[in-house]
Amino acid sequence: SDVILYYSEMGIGWTDVALICTTEEHGIDTSNSFIDITNQNDITIRTFQQFLVGQTDLHVEMQEIKDSGARVIIAFIFNGYDDVVRNANEFGLIGENYAWFVSHVVADSQSLSNETAELSQGVIGAIQYVPFSGPTYER
């Protein structure tokens, strides 16, 4: 959310976003946290779409995102990123006019298909790192 806040303040139009998540604990909790942050700032969620884990046909969700006009898409997805990207591409939501933010679950995935990797133009994600040594562990 810090990246979205930064670019919304820089005036490049990242104030209108679409949010999509899977309907399980990770997706819902992370989305709710993001919504809380946007409510305290000048960021508008144009649409909030949810889908079941294992669902492969996301045409309704992608049409809602497209209709929202948002070019920044936040995707808190635990499983099914390949299907999200494939469906998004079918609706023209992948490319130089769109920025996608994904959670560490997707960014750190080693199992993305070649097609998904190629379609992930404009995707921004962070890899979560938890050290298992250092001052915190030496106490």
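This passage describes the fold, the confidence and selected local features of a predicted protein model.

The structure is a predicted model in which local features are considered only at a pLDDT of at least 70 and side-chain atom pairs only at pLDDT 80 or more, whereas totals for chains, interfaces and linings use all residues. Residues are numbered from 1 along each chain as its sequence is written, and side-chain values use heavy atoms, with hydrogens and water left out.

The mean pLDDT (the predictor's confidence in each residue, from 0 to 100) of the protein chain is 82, and 75% of its residues reach 70 or more. Confidence is highest in helix α3 (residues 59–68), at a mean of 98, and lowest in helix α5 (residues 104–107), at 55. Where pLDDT is low, the predicted coordinates should not be read in detail.

The protein chain holds 6 helices and 5 strands, taken as DSSP runs (helices H or I, at least four residues; strands E, at least two) and numbered from the N terminus. Their order from the N terminus on is α-β-α-β-α-β-α-β-α-α-β. Of the 139 residues in the protein chain, 39% are buried, where buried denotes under 20% relative accessible area, exposed over 50% and partly exposed the range in between (1.4 Å probe, protein chains only). Among contacts (heavy atoms within 4.5 Å) with a separation of 6 or more, 71% are made by residues 24 or more positions apart.

Strand β3 (residues 72–76) and β4 run parallel and are joined by 4 bridges, the criterion for pairing being at least two DSSP bridges between two strands. Within this pairing, Ile74 has Phe101 of β4 as its bridge partner. In a regular strand the side chains alternate between the two faces of the sheet. Strand β4 (residues 99–102) is covered on both faces, with Ala99 and Phe101 buried on one side and Trp100 and Val102 buried on the other.

Together with α4, strands β3 and β4 make a right-handed β-α-β unit; the crossover is termed right-handed if, with the strands pointing away from the viewer, the path from the first strand over the helix to the second runs clockwise. The buried residues of α4 are Tyr81, Asp83, Val84, Val85, Asn87 and Ala88. Glu90, also located in helix α4 (residues 81–90), is partly exposed, with a relative accessible area of 47%. The C-alpha atom of Glu90 lies 8.8 Å from that of His59, a residue 31 positions away along the chain. Just after α4, Gly92 adopts a positive phi of about 70°.
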